[in-house]
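I set out to record the overall composition of this model and then its aromatic contacts. My notes follow the order in which I looked things up.

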Amino acid sequence: MKQLFLILLLYSTGVMSQNSAINTGINTKNPGSRLTVNGSFAGDYKIVSDDVTLDDSDFYIAFNGIGRGTILLPKAISGPGNFKGRIYGIKNISAQGELFVFSEAPSLEKIDATGDVDYIVVPPGYYAELISKGTTTGTTWELSMLVPTKLSSKMTRLLNVAIGVPKNSSYQSLFTIGPSSSVDVEIPGSRGSFFVDKQPRALFLNFTVGLALVDSGTSVLPPGSVISYYRCELFINDMPTGIFQVVQENSKGMQFNLSGKYNFVPSATGGFWHTIHAKISTWNSFGSANNHALGVLSVLLSVDSITRT
């Protein structure tokens with residue numbers, strides 16, 4: 001009597017309804033399908049670590065056993081076969097154990113996968129979904145999907161630049177920088193090009209440069225006279241990446257080590273080839289109006305593309 005009263009209450013309040021097409025709705029007064037749910041849907045969730053036989057109380061099963069595991073699908077041959085359309089979701093969340101999925105009557109009922117098979121194997125990190133075909137003999141279950149669920153990162157080297165002077169050799173690519181510079185100065189040898197399609201992606205940038213302070217004449221401040229700070233930043237397509245470092249010179253020179261992840265969004269109107277280079281500027285020269293001469297000793301530059309697989 002209480003159950004009948006509850007059903008009548010649900011229909012009277014519109015929480016449950018039925019129209020002339022014999023469609024049933026939950027939380028909707030005009031269901032357009034045999035069952036329409038205006039809201040969330042929940043099925044049973046179960047974690048198992050041992051072999052198990054599924055029944056009408058199961059919906060989603062996660063296997064977390066040690067070693068090989070077995071899940072048996074209910075057999076239709078001994079019953080009326082009235083679970084046509086029943087869906088089971090099965091995921092192998094174990095570290096390394098393979099999961100075998102059989103019919104409970106494997107010699108009489110098979111699974112429609114790549115042909116009719118006695119069983120399927122769900123590797124660790126994979127998800128399988130099976131649906132009952134409603135038949136009672138032959139192929140009674142159909143594998144609708146078997147997909148990996150773990151994401152892994154793949155790194156592809158897009159650019160690699162390595163420049164260095166021989167041992168005990170002098171610097172190369174002399175350039176000058178100072179307070180009079182209105183813009184940042186590009187470090188010689190730091191420019192390169194790399195190919196990327198028009199899809200946004202994460203880039204990992206790595207840059208190291210060794211610079212020597214040089215006394216090249218009276219117009220240039222002698223090394224060590226004023227201990228200044230310098231700022232170095234990476235640029236892609238002449239736009240700053242925000243990956244930079246500020247270091248203080250010593251009496252002989254300095255070294256910058258820049259690395260970081262950069263979310264690259266190609267221009268819709270641009271091409272597939274892109275440029276990268278490093279720029280340097282004085283950060284604090286303590287009031288010195290003199291220029292500084294720098295010589296390049298080494299340059300290491302790499303660009304890696306990080307994608308999900």
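I worked on a predicted model, in which local features need pLDDT of at least 70, side-chain atom pairs count only at pLDDT 80 or more, and totals for chains, interfaces and linings use all residues. Residues are numbered from 1 along each chain as its sequence is written, and side-chain values use heavy atoms, with hydrogens and water left out.

Overall composition. I found 1 helix and 24 strands in the protein, taken as DSSP runs (helices H or I, at least four residues; strands E, at least two) numbered from the N terminus. Of the 309 residues, 36% are buried; buried means under 20% relative accessible area, exposed over 50%, and partly exposed in between (1.4 Å probe, protein chains only).

Aromatic pairs. I counted 12 aromatic pairs, that is, rings of Phe, Tyr and Trp (its six-membered ring) with centres within 6.5 Å; planes under 30 degrees apart count as stacked, over 60 as edge-to-face and the rest as tilted. Y60 and Y127 are stacked because their ring centres lie 6.1 Å apart with planes at 20°. This pair links strand β6 (residues 60-63) to strand β13 (residues 126-132), its members being 67 residues apart. I noted Y60 as partly exposed at 22% and Y127 as buried at 15%. F100 and F102 are also stacked, at 6.5 Å centre to centre and 20° between the planes. Both are buried, F100 at 10% and F102 at 17%.
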